[in-house]
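Please look over the structure below before reading on. The points that follow go from the whole chain to single parts of it.

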Amino acid sequence: MTTAVENVAQLDDTIVAAATPNGRGALALIRLSGPEAFPIAEKHLRPLPSQPRVTQLCTVHHGDEVLDQALVTVFPGPNSFTGDDTVELSTHGGYLVPSSVIAALISSGARQAVPGEFTRRAVLNSKLDILQAEAIGDLIDARSQAMRRAALGQLDGGLSRRLLQLRGSLIDLEALIVYDIDFPEEDDGPVPREKVDKAASAIGESLKALLATAPAGELIREGAIVVIAGPPNAGKSSLFNALLGRSRAIVTEMPGTTRDALEAVIDSGEWPLRLVDTAGLRQTDDRLERLGIEVSERYLADAHVVLACAEDPESLDETVDLIARNSSAPILPIHTKADLVSEGDKIVWRQPAISVSAETGAGLQDLLGAIDEVLRKEHGEIALDLPILTRARYRRALSLACSELEQFQRAWREENLPVTIASVHLRTAVLALEELIGTVEIEDVFDRVFSSFCVGK
């Protein structure tokens, strides 16, 4: 029996799959791609479009039975998404029509594609690199505008181009050392050690600058954890619902109503926020409520920002102190239920607090702005016009490249290793970057040697 993994490796297969979710809907998009895409499509389409990239209305049939009328576009390879001949059929949606069309195409020789196989073929046919392929997945899964913009930038090749530049700089440095080893008496004699060290330092600074985007990239991808904490009945759930724009948390005047943490993602500011409503912090003998408080404490330990909620100055001070013992995250003091305070009442707050009202919406925008400001201060600006690291895999590869380059520089400066051994660190740094973009070409080192220096005289 052929497994899915074995199927992926069979690049001569013609594959077919629905590119839209299964279920009730107006339209479904079916993609057919591979060396036999056109002959297979011709068996089931009347007529098969003759002009590339021009959509045409066709009748889809299986034998004498008409299955549907579809808008069909053909993309001859290599000018297609996968690089192979491709046919895209826009059929009516629902369960039956798309599955019937796919079954007919399979009966004529196509194979059901496995998840991600179209994009995998695009990578193998050099239509995309691995980073761009991952960006497609990120774009589909994006839950915030920041993630959408970051994914589009990566899909456009911004991160790939930056990594290729860094890889090129490392290979230039390798070529300089190879030249010095193999041709020490050519031209001006041995390459000055200061020149190599200066070049390595410049590359190191560039690697570190890109690596520094990882914390912000992680927040863009996963969302910043913003925990709403405070004593019972302090308006936490009301604030959660108000920020979310709909009721998800049960709101009553009975303390201890929230027994577990509720989490939701909001995208109303600069950063995507994972908003968490937690159980009230207090001493209790109620075993069930105590379990909820323990969950709250775990969220506090992982938080990026904590909103300390209370109705009066004394409770607010106690809440801030209690949170500080359970979390190292920045704390924003919040005066909740501000609508219950009349203009004639004067409350003296011992520390600056943001006054909000879940009932009237007053102060909510100020609160979101303050959260953005704290995250910006802690994790830097989101410069989405520049490459940014949004995955742990990227961070690990860049960290390895930085570490290997630092080890090379140390050995180079101290002269405690032969140059041929020290340069192994450079090769490892190059390989770390090549792993990210799927490029492994050791011969590039020699290409640089002969193209950059006058060797063959």
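The numbered points below describe this predicted model.

1. Overall make-up. The protein chain has 16 helices and 13 strands. Of its 457 residues, 45% are buried. The chain exposes about 23,200 Å², and carbon and sulfur atoms supply 52% of that area.

2. Contacts along the chain. Take the contacts in the protein chain with a separation of 6 or more: 64% of them involve residues 24 or more positions apart.

3. The open sheet. Seven strands make up an open sheet with mixed pairing, and their order is β3-β4-β5-β6-β2-β1-β7. Which strands stand at the edges? They are β3 (45-46) and β7 (111-112); each has a single partner strand, so one side of each is left without a neighbour in the sheet.

4. Strand β1 (residues 15-18) and strand β2 (residues 23-33) run antiparallel and are joined by four bridges. Within this pair, Ala18 stands opposite Ile30 in β2.

5. Helices on the sheet. Helix α3 (residues 96-107) packs on the sheet and touches β1, β2, β4 (56-62), β5 (65-75), β6 (86-94) and β7. The direction of α3 makes about 145° with that of β6. Helix α4 (residues 117-124) also packs on the sheet, where it touches β1, β2 and β7. The direction of α4 makes about 130° with that of β1.

6. The buried side of α6. Helix α6 covers residues 145-155, and its buried residues are Ala146, Met147, Ala150, Ala151 and Gln154. Why are they on the same side of α6? They cover an arc of only 130° around the axis, which puts them there. After α6 comes Gly157, which has a positive phi, near 95°.

7. The largest nonpolar core. In soluble globular proteins, nonpolar side chains tend to be buried together. Here the largest nonpolar core has 35 residues, and Leu163, Leu207 and Phe408 touch the most other members.

8. Leu163 and its neighbours. Which residues does Leu163 touch, not counting those up to four places away in sequence? They are Leu131, Leu210, Leu398, Leu433, Leu436 and Ile437.

9. A second core. There is also a second, separate core of 34 residues, which includes Ala146, Met147, Ile220 and Ala224. Ala146 and Met147 are among the buried residues of α6.

Methods: Residues numbered from 1 in each chain as written. Predicted model: local features only at pLDDT ≥ 70, side-chain atom pairs only at ≥ 80, totals over all residues. Heavy atoms only, no water. Helix = DSSP H or I, 4+ residues; strand = E, 2+ residues; numbered from the N terminus. Buried < 20%, exposed > 50% of the residue type's maximum accessible area, 1.4 Å probe, protein only. Contact = heavy atoms within 4.5 Å. Areas by Shrake-Rupley, 256 points an atom, 1.4 Å probe, with all protein chains shown as cover. Arc of directions from axis to C-beta. Core = buried A, V, L, I, M, F, W, Y, C linked by side-chain atoms within 4.5 Å. Pairing = 2+ DSSP bridges. Axes fitted to C-alpha atoms, helices over the stretch in contact; angles between N-to-C directions.
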